[in-house]
Amino acid sequence: MIFNLPGYRVVEAVDLPLGGRRVKVQPVDLDHGCPGCRVVSSRVHAWVEQRVRDIPYAGEVQVVVRKPRLVCLEPACPGRTFTPATEQLPARARCTTRLKTAVLNAVIDSGRAVSEVAADFGVAWWTVQATVNAAAVLLPSVDDLHVHRLGIDEHRYRRVRWYRDDGGGWRRVEPWMSTIVNAASGQVLGIVDGRDSAAVGGWLAARSQAWRDRIEVVAIDPSAAFRKAIIEQLPNAKVSVDPFHLVQLANLMVTRVRQRLIREREQRRGRKIDPAWANRTLLLRGYDTLSARAKARLQTVFASDDPTDELSAAWGVKEQLRRLLTVTGVDQARREKMILGCYVIAADMDETWRLWHTIQAWWLAIEVLIRTRVTNARTEAANTGIKQIKRTGRGYRNPAHYQARILLTSAARRAA
């Protein structure tokens, strides 16, 4: 009753001298159909014992299955004998079905590494990975899903690596992958290697025409490669730019201004004695999120370490961009854009002009963002953990391995 392998009964259980136990089982029902002619037979020709892997219970368990070799009762059948297959032990299986289910749940639900799961259950690494790959094949086809809003995002999952190919030469493995996500639900729909337009465009081109015609809005980073793929494959879809990356560009602009000012004034890099360097992370935070003490520290930085007022001007441009991205109407966004332009003209620095040109180039996508609020950040708000799911692909050499794991993890969390 404790062992409880469905369809089998325990014939013998022996405690081993070095720990663990050996359990011998055999099928309860001996009536099975021949796989060739489907004629049911229960006549045993011989018994064969096979050792299989099963889930551990209070230590290691060695399972020996006593399989019947049945005689086919159909004279015209070319197969004279056959070994019946069960739900727990399909044909040629070396592991029970419940073991494969357990290792799959350990990888997908618990987020553990395949090597760790394999060592814990006492099976080979490839056994666990093959189980994950087989489960990914059973996922519904992307073309059968009714998707109206997409999110395309890139992710760096490891450093650049070099491997020898079959010809003996060295091959560079790009450490970037791009994920295509259902922006409404957060489910990962596909993964491609790299972050260029050819990879993303190829994935979109592989979808059916009806599927592509249903796409209304696509949220992307300010990436020209992604926008090119969308224009070519989804001409009816509108592009929405992710506000996180626009604010990130503004923060990078503030950092470059701070670094340039200290080099021009002191002919060196920033140090702890410089207030701007000591409070460099404070400059990148939103002013509305600061406490009264933090706001006082920020004013001290501008008063003591910004004689030309260039740092405060760059910071003001960044804050105005943040205000622009939080408005709720397009008309209000255009007014905030005019104010931002005045800030850029007043600052008149190469760094601020570069940011302004980026805003101009992506303004139509910003208007789509203001109207629809479709962003890749919404998938995180849906409690699907997209960033954490994508990190599970780190370390895999074969793209098919991490793609299967990411797709399964995303589908499991969406179903939950």
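T97 sits in helix α1, which covers residues 97-108. Helices here are DSSP runs of H or I with at least four residues, strands are E runs of at least two, and both are numbered from the N terminus. This is a predicted model, in which local features need pLDDT of at least 70, side-chain atom pairs count only at pLDDT 80 or more, and totals for chains, interfaces and linings use all residues. Residues are numbered from 1 along each chain as its sequence is written, and side-chain values use heavy atoms, with hydrogens and water left out.

Stay with T97. Its relative accessible area is 26%, so T97 is partly exposed. Buried means under 20% relative accessible area, exposed means over 50%, and partly exposed lies in between (1.4 Å probe, protein chains only). Setting aside residues up to four places away in sequence, T97 touches E87, Q88, L89 and P90. A contact means heavy atoms within 4.5 Å.

Next comes E336, in helix α12 (residues 330-347). E336 is buried but has no salt bridge. A salt bridge needs a side-chain nitrogen of Lys or Arg within 4 Å of a carboxyl oxygen of Asp or Glu. For E336, the nearest side chain of opposite charge is R323, 4.8 Å away. Beyond its neighbours within four places in sequence, E336 contacts Q320, L324 and V327.

Two loop residues deserve a look. Most residues other than glycine have a negative phi. Q267 is not a glycine, yet its phi is positive, near 60°. Q267 lies in the loop between α7 (243-266) and α8 (275-278). Its relative accessibility is 66%, so Q267 counts as exposed. R373 also is not a glycine and has a positive phi, about 60°. R373 is in the loop between α14 (363-372) and α15 (377-381). With 28% relative accessibility, R373 counts as partly exposed.

Now step back to the whole protein. It has 17 helices and 14 strands. Its C-alpha atoms fill a box of roughly 95 × 55 × 50 Å along the principal axes. Of its 416 residues, 45% count as buried. Take the contacts between residues at least 6 apart in sequence: 59% of them join residues at least 24 apart.

Technical notes: Lys and Arg count as positive and Asp and Glu as negative; His and the chain ends are not counted.
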